[in-house]
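Good morning. Please have a look at the chain on the screen before I start talking.

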Amino acid sequence: MATVTVSRHIDRPPAAVWALLSDLERHTDWMGDAEWVVFLGPPRRGVGTVMVARTRYGPIRMDDLMEVVGWVEGHSITVRHDGLVTGTGELRVDPEGAGSRATWTEDLTFPWRLGGPVTAWLAVPVLRRVFRRSLDRLAGLLA
């Protein structure tokens with residue numbers, strides 16, 4: 001399993017950060033690894049929302065089936081990944097001084113046919129860079 005957590009201070013109130021984080025359709029605007037998102041049902045927010053996202057890491061592209069399994073309005077979104085790579089991810093926003101702290105955590109399991117734990121170990125620094133840049137882009141959109 002690979003666990004990656006990155007966070008960043010954003011000079012905007014939590015409600016402003018949450019407004020962008022909770023707009024799942026706009027994740028491609030700031031997530032550097034997301035090419036597109038397609039919803040598989042009418043819900044576009046909240047628990048039970050199901051979507052497929054095309055993710056890209058260099059030349060590697062894969063479709064990530066995700067279901068929102070946790071939603072705390074104004075605070076956090078938790079998804080379950082059921083694609084080739086499985087696990088859970090959480091995006092959260094917390095008050096920090098006059099601004100906010102955005103945190104992105106992923107607990108991912110890579111299948112044996114992709115190298116399993118070896119690939120997970122190699123993926124952590126790459127994912128950490130991608131997620132950090134994504135949070136920088138999120139902050140930039142809110143500036």
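This is a predicted model: local features need pLDDT of at least 70, side-chain atom pairs count only at pLDDT 80 or more; totals for chains, interfaces and linings use all residues.

Start with the charges. Side chains of opposite charge can pair when their charged atoms come close. How many salt bridges does a search of the whole structure find? The count is 12. I will take three of them one by one.

One of them joins the side chains of Glu35 and Arg61, with 2.9 Å from N to O. Glu35 sits in strand S2, residues 34-39, and Arg61 in strand S4, residues 60-72. The two are 26 residues apart, so this pair links distant parts of the chain. Are these side chains buried or exposed?

Next, Arg45 and Glu73. Their closest N and O atoms are 3.3 Å apart, and they form a salt bridge. Both ends are in loops: Arg45 is in the one between S2 and strand S3 (50-57), and Glu73 is in the one between S4 and strand S5 (76-82). The pair therefore ties together parts of the chain that are 28 residues apart in sequence. Arg45 is partly exposed at 42%. Glu73 has a relative accessible area of 51%, and because the cut-off for exposed is over 50%, Glu73 counts as exposed.

Arg54 is partly exposed, with 24% relative accessibility, and Asp63 is partly exposed, with 37%. There is also a network: Glu35, Arg56 and Arg61 are joined through salt bridges that share partners.

Now the helix, H3, which covers residues 116-142.

Where does H3 bend? The bend is at Ala123, by about 40°, and a proline, Pro125, follows within four residues.

H3 has a number of buried residues, among them Ala120, Ala123, Val124, Leu127 and Phe131. An α-helix has 3.6 residues a turn, so residues three or four places apart point the same way. You can look for that spacing on the screen.

What covers the buried residues of H3? The cover includes strand S1 (2-10), helix H1 (14-21), helix H2 (27-30), S3 and strand S7 (99-109).

That is where I will stop.

Terms used. Residues are numbered from 1 along each chain as its sequence is written. Side-chain values use heavy atoms; hydrogens and water are left out. A salt bridge is a side-chain nitrogen of Lys or Arg within 4 Å of a carboxyl oxygen of Asp or Glu. Buried means under 20% relative accessible area, exposed over 50%, partly exposed in between (1.4 Å probe, protein chains only). The expected span of a helix is 1.5 Å times one less than its number of residues. The bend at a residue is the angle between axes fitted to the seven residues ending there and the seven starting there. Contact means heavy atoms within 4.5 Å.
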